[in-house]
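Please find below some notes on the model. They are set out as numbered points.

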Amino acid sequence: MGLDIAFWVLAVVGIAAALMVVSLRDVFRAALSLVLCFLTVAGIYITLSADFLAAVQVLIYVGGISVLILLAIMLTREVQQGSPSNKLRIPAFVVAIIFLGVMAFSLINTPWQVSTVPPIEPTTAALAGKLMSTGGFILPVEIAALLLLAAILGAIVLVREK
Amino acid sequence: MSVGLEHYLILSAILFSIGLYGALSKRNAIVILMCIEIMLNAVNIAMVGFSRYIVPSLLTGQVFVIFIMAVAAAEAAVGLAIIIAIYRSRETIESTKVDLMKW
């Protein structure tokens, strides 16, 4: 019961924050409401008993990516101009509504095979076993490390003063 | 009616639609990148929901979410670096005015 109330509060706040991201004129305030949206997604992970992912969400998105976005907004002085829409605003709205309708229809009408097994809690040790043990995802972990290194080097090369 | 898998999937679809609308209709390149982040978060909610309700003992969805987060962090870093480089050379980040390679 408490979990239901938590889900509804988090869902309403998250959707409102996402709507503010696309509707606010001030880019800086839009970025701040994006931080709120990330935080509510972390709360949604907790209601799904994914405690490790909630911590990672707060660390990476709320702590890392949002600071990066705020810094980029400060470095590009476009705050005065706001975030206007281009001339595809109405078609984009129609496309998004049609997509939402089709997705909601197919999601509600699919007979999901919901399992009644209780979820694993806490998930950290189980996730580490999944990622690192034999038969796990150790090769994708190595590739992700390489991808992050390439991204760091690429970002440094792109923003370096000539 | 208690909260189930469908609720999480509908929430994910709503967040994805909001991000899709923003990514298609905004001019500021940073706002477009923010909307793409919203879409990635929506997909992550669907992944964790499937993992929790369909295969609760396997955790495969949560492993996928970890990899999506790694790729999203790399994408945000490189994307914002490209935006700052474009702003240095062209003094604007409006996506309709960055048309050097437009035919």
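1. E91(B) counts as exposed because it has 10 C-beta neighbours inside 10 Å. E91(B) sits in the segment after α3 of chain B, and its phi is near 65 degrees, a positive value in a residue other than glycine.

2. L59(B) also has phi near 65 degrees, positive although the residue is not glycine. L59(B) belongs to the loop between α2 and α3 of chain B. L59(B) counts as buried because it has 23 C-beta neighbours inside 10 Å. Elements here are DSSP runs numbered from the N terminus: helices are H or I of at least four residues, strands E of at least two.

3. This is a predicted model, in which local features need pLDDT of at least 70 and side-chain atom pairs count only at pLDDT 80 or more, while totals for chains, interfaces and linings use all residues. Residues are numbered from 1 along each chain as its sequence is written, and chains are lettered from A and ligands numbered from 1 in the order in which they are written. Chain B has a mean pLDDT (the predictor's confidence in each residue, from 0 to 100) of 91, and 99% of its residues reach 70 or more. The model scores are ipTM 0.92 and pTM 0.92.

4. The contact between the chains takes 74 residues from chain A and 59 residues from chain B; two residues are in contact if their C-beta atoms, placed from the backbone, lie within 7 Å. On chain B, the elements giving two or more residues to this side are α1 (5-25), α2 (29-53) and α3 (60-90). Of these, α3(B) gives the most, with 19 residues. By class, the chain B side has 43 nonpolar, eleven polar and five charged residues. Ala, Val, Leu, Ile, Met, Phe, Trp, Tyr, Cys and Pro count as nonpolar, Asp, Glu, Lys and Arg as charged, and the others, Gly among them, as polar.

5. In chain A, E121(A) and P122(A) are joined by a cis peptide bond with omega about -10 degrees. P122(A) is placed in the loop between α4 (89-109) and α5 (124-132) of chain A.

6. Chain A is divided into domain 1 (1-82) and domain 2 (120-162), with bounds from an automatic or database domain assignment. Their C-alpha centres lie 23 Å apart. The contact between them takes four residues from domain 1 and five residues from domain 2.

Key:
Buried ≥ 20, exposed ≤ 12 C-beta atoms within 10 Å, placed from the backbone.
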